[in-house]
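Subject: The structure I promised you

Hi,

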Amino acid sequence: MQKEELKDQFTDLLSKFTTYFGKYLPDDVMESLKTLSSKQQSEISKIIYDVMFDDMDLAKKRNVPICQDTGVIQYFVKCGANFPLLGDLESCLREATKRATKDAPLRHNAVEIFDERNSGDNTGVRIPWIDWQIEPNSDSVEIYAYMAGGGCSLPGAAKVLMPLEGYE
């Protein structure tokens, strides 16, 4: 198989993966939620879990993401130094993000900070976020991912800049 064909197939797989994890929770997470739900004592807690499960059922029936705020996509990549697409992996993930944004569809969340421009495809400077771990003497790749809605896992602080403050 030629490298370009391999890259196209890998990007297609990553796009389907990104679309999928926006719509379905992992089995272990679902089991934990069901267990936690069954242990609830207060009426409001039971209602919240019921609504959450109803939302997931509706998302499945309608083939849409579980949450409307699909957030900034984050990929955690453990890649072998000998993986044949190591040099192309970032571009594959960016293209997969673009395709998944259209196909899922995912909410367009990537906004360039100073340009105030939304790409419309969830890509931008360091978006999607890719956390790298390169493994020597390996040719495999493992990719874990999630959508960090509202910056729930993004460390830092936010400040609204007044228009007259400028870049400084």
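First, a term you will need: a residue is called buried when its relative accessible area is under 20%, exposed when it is over 50%, and partly exposed in between, using a 1.4 Å probe and protein chains only. By that rule aspartate 88 counts as buried, because its relative accessibility is 16%.

Some housekeeping. This is a predicted model, so local features need a pLDDT of at least 70 and side-chain atom pairs count only at pLDDT 80 or more, while totals for chains, interfaces and linings use all residues. Residues are numbered from 1 along each chain as its sequence is written, and side-chain values use heavy atoms, with hydrogens and water left out.

**The sheet**

Helices (H or I, at least four residues) and strands (E, at least two) are DSSP runs, numbered from the N terminus. Two strands pair if DSSP finds at least two bridges between them. In general, strands of a sheet pair through backbone hydrogen bonds, either parallel or antiparallel.

Here you will find an open sheet of 3 strands in the order β4-β1-β5, with mixed pairing. β4 and β5 stand at the edges with a single partner strand each, so one side of each has no neighbour in the sheet. From one strand to the next, the twist averages 10°; for angles like this, axes are lines fitted to C-alpha atoms (for helices, over the stretch in contact), and the values run from 0 to 180 degrees between N-to-C directions.

On one side of β1, the pairing with β5 is antiparallel and runs over 8 bridges. Glutamine 74 stands opposite tyrosine 146 in β5, and cysteine 79 stands opposite valine 141, also in β5. With β4, β1 runs parallel, joined by 7 bridges, and here valine 77 is opposite tryptophan 132.

How many residues of β1 are buried? The count is 7 of its 9, so to speak a mostly covered strand. Take valine 72, which is found in β1. Leaving aside residues up to four places away in sequence, valine 72 touches Ile127, Tyr146, Met147 and Ala148, where contact means heavy atoms within 4.5 Å. Leucine 161, by comparison, is 89 residues from valine 72 in sequence and 21 Å from it in space, C-alpha to C-alpha.

**Helix α4**

Helix α4 has 15 residues (89–103), and at 1.5 Å a residue it should span 21 Å. That expected span is 1.5 Å times one less than the number of residues. The end C-alpha atoms of α4 are 20 Å apart, which agrees.

Which residues of α4 are buried? They are Leu89, Cys92, Leu93, Ala96, Thr97, Ala100 and Thr101. These residues cover an arc of only 165° around the axis, which puts them on the same side of α4; the arc is that of the directions from the helix axis to the C-beta atoms. What covers them includes α1 (3–21), β1 (72–80), β4 (129–135) and β5 (141–148).

**Salt bridges**

Side chains of opposite charge can pair when their charged atoms come close. A salt bridge here is a side-chain nitrogen of Lys or Arg within 4 Å of a carboxyl oxygen of Asp or Glu, and the structure holds 5 of them.

Back to aspartate 88, then. Its closest N and O atoms with lysine 3 are 3.2 Å apart. That pair links distant parts of the chain, with aspartate 88 in the loop between β1 and α4 and lysine 3 in helix α1, 85 residues apart. Lysine 3 is partly exposed, at 46% relative accessible area. Aspartate 88 also forms a salt bridge with lysine 7, at 3.9 Å between the closest N and O atoms. Lysine 7 lies in α1 too, so this pair ties together parts that are 81 residues apart in sequence.

Another salt bridge joins glutamate 31 and lysine 34, with the closest N and O atoms 4.0 Å apart. Both are in helix α2 (residues 27–38), 3 residues apart, which is about one helical turn. Glutamate 31 is partly exposed at 46%, and lysine 34 is partly exposed at 44%.

Enjoy exploring!
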